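Here is a quick tour of one chain, with the sequence and model alongside. Have them open as you read.

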Amino acid sequence: MPTSFDESVTEPSRADGGKADERFRGEEPLLLTTTRATSGGERTTPLGHVRHGASLLVFGAGPGAPDHPDWYRDLLAHPMVRAELGAETFQALAVPAEGARRAELVEHALRILPGHGGGRDGTTPSPLVVVLEPAEPDGWEGPREVRTLADKIMEVHAWLRGQLRQVAAQADAHLAARAAHEGPGEPPAPGLGLQIRQRCLAFCQALRFHHVGEDAHVFPTMARHHPALAATFARLTEEHRTVARIQDDLVALLADVATADPERFRRELEAMSRELNAHLDFEEETIVPLLADVPWPPAPPSGPAGAGRGHEE
């Protein structure tokens, strides 16, 4: 039996492939799964939503709420989320709207559905508006078919390069807007903003996951089969450490985007771009071709019938 309000919405919605719920003004709730900020486990929260172009808007607690909801703190720590809407499930980048953009998006939601808001009764516009954007970088074109481990690594490399280019473009645009501001009107904020923070943090977390996987599994396995490439694997591992140091500096800068120095952030991004692209180029030249015959996804482990099961009396 469901033990919480969220479970009482989530379980029937999944069982029925999504359906209208009177607790959400007769709408179909969006199920947002975040990575918990502290434990790293999963949390699924049903939320009201509104479409906005290629994105979705979700809403937090209404005015007067004592604190940000748990799912909001989660996505600030881990920007990549999973969304379920009816039978559709997809990954997204969660970006909280700020300032004038937040006000604009609240007005957009109210025009589409008067009285809509983030509270579960849908009666009050929310001070928290989160935009669920496509997780892929602009202009993303992954491989048409991933059949080998080489294909998979190339897909990840293309995604990482695309994310890094997009973060750099956003940082350049922010600096250009500050430099060009003249006359009346509010200048761009002195910090970086959540748009840049969320995409850069998602990039850094994906990069760390990719490199940890290579260090723990791919490189040691390949080294056993290609002992002549010991120097190559040593160089790749050292390059991972160099990239990780720059990555740590970026994450530290993103801890407070309101006071982060955009110029320093841009310099760190340039260093990341130089080091990472040189590393990916070298990896693609030296070891990726050796993985062209390794199937992806990997085949399930084979074994005698009943392997892995407990003894049956």
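## Helices, cores and ring pairs

Start with H5: its 32 residues reach 45 Å from first C-alpha to last, close to the 46 Å expected at 1.5 Å a residue. That expected span is 1.5 Å times one less than the number of residues in the helix. At glutamate 214, H5 bends by about 45°, the bend being the angle between axes fitted to the seven residues ending at a residue and the seven starting there.

A word on the ground rules. This is a predicted model, with local features needing pLDDT of at least 70 and side-chain atom pairs counted only at pLDDT 80 or more, while totals for chains, interfaces and linings use all residues. Numbering runs from 1 along each chain as its sequence is written, and side-chain values use heavy atoms, leaving out hydrogens and water.

Zooming out, the chain has seven helices and seven strands; these are DSSP runs numbered from the N terminus, H or I of at least four residues for helices and E of at least two for strands. From the N terminus on, the order is α-β-β-β-β-α-β-β-α-β-α-α-α-α. Of the 313 residues, 41% are buried, where buried means under 20% relative accessible area, exposed over 50% and partly exposed in between (1.4 Å probe, protein chains only). Among contacts (heavy atoms within 4.5 Å) with a separation of 6 or more, 69% come from residues 24 or more positions apart.

Now for the inside. The largest nonpolar core has 27 residues, and Phe203, Phe265, Leu269 and Met272 have the most contacts inside it. Helices H4 (149-180), H5 (194-225), H6 (230-253) and H7 (262-286) each supply at least two of its residues, with H5 giving the most, seven. A nonpolar core here is a set of buried Ala, Val, Leu, Ile, Met, Phe, Trp, Tyr and Cys residues joined through side-chain atoms within 4.5 Å. Leaving aside neighbours within four places in sequence, phenylalanine 203 touches Leu160, Gln163, Leu164, Met272 and Leu276. Apart from this core lies another, of 16 residues, including Leu47, Leu56, Ala94 and Val130.

H6 is next: 24 residues reaching 35 Å from first C-alpha to last, close to the 34 Å expected. Its buried residues pack against H5 and H7; among them are Phe233, Leu236, Glu239 and His240.

What about the rings? The structure holds two aromatic pairs, using Phe, Tyr and Trp rings (the six-membered one for Trp) with centres within 6.5 Å; planes under 30 degrees apart count as stacked, over 60 as edge-to-face and the rest as tilted.

| Pair | Centre to centre | Angle between planes | Type |
|---|---|---|---|
| Tryptophan 71 and tyrosine 72 | 6.3 Å | 85° | edge-to-face |
| Phenylalanine 219 and phenylalanine 233 | 5.8 Å | 45° | tilted |

Phenylalanine 219 lies in H5 and phenylalanine 233 in H6, so their pair ties together parts 14 residues apart in sequence. Both ends are buried, phenylalanine 219 at 4% relative accessible area and phenylalanine 233 at 6%. In the other pair, tryptophan 71 is buried at 5% and tyrosine 72 at 8%.

One more ring to look at: the charged end of arginine 235 sits over phenylalanine 282, 3.5 Å from the ring centre. That label needs NZ of Lys or CZ of Arg within 6 Å of the ring centre and within 35 degrees of the ring normal.
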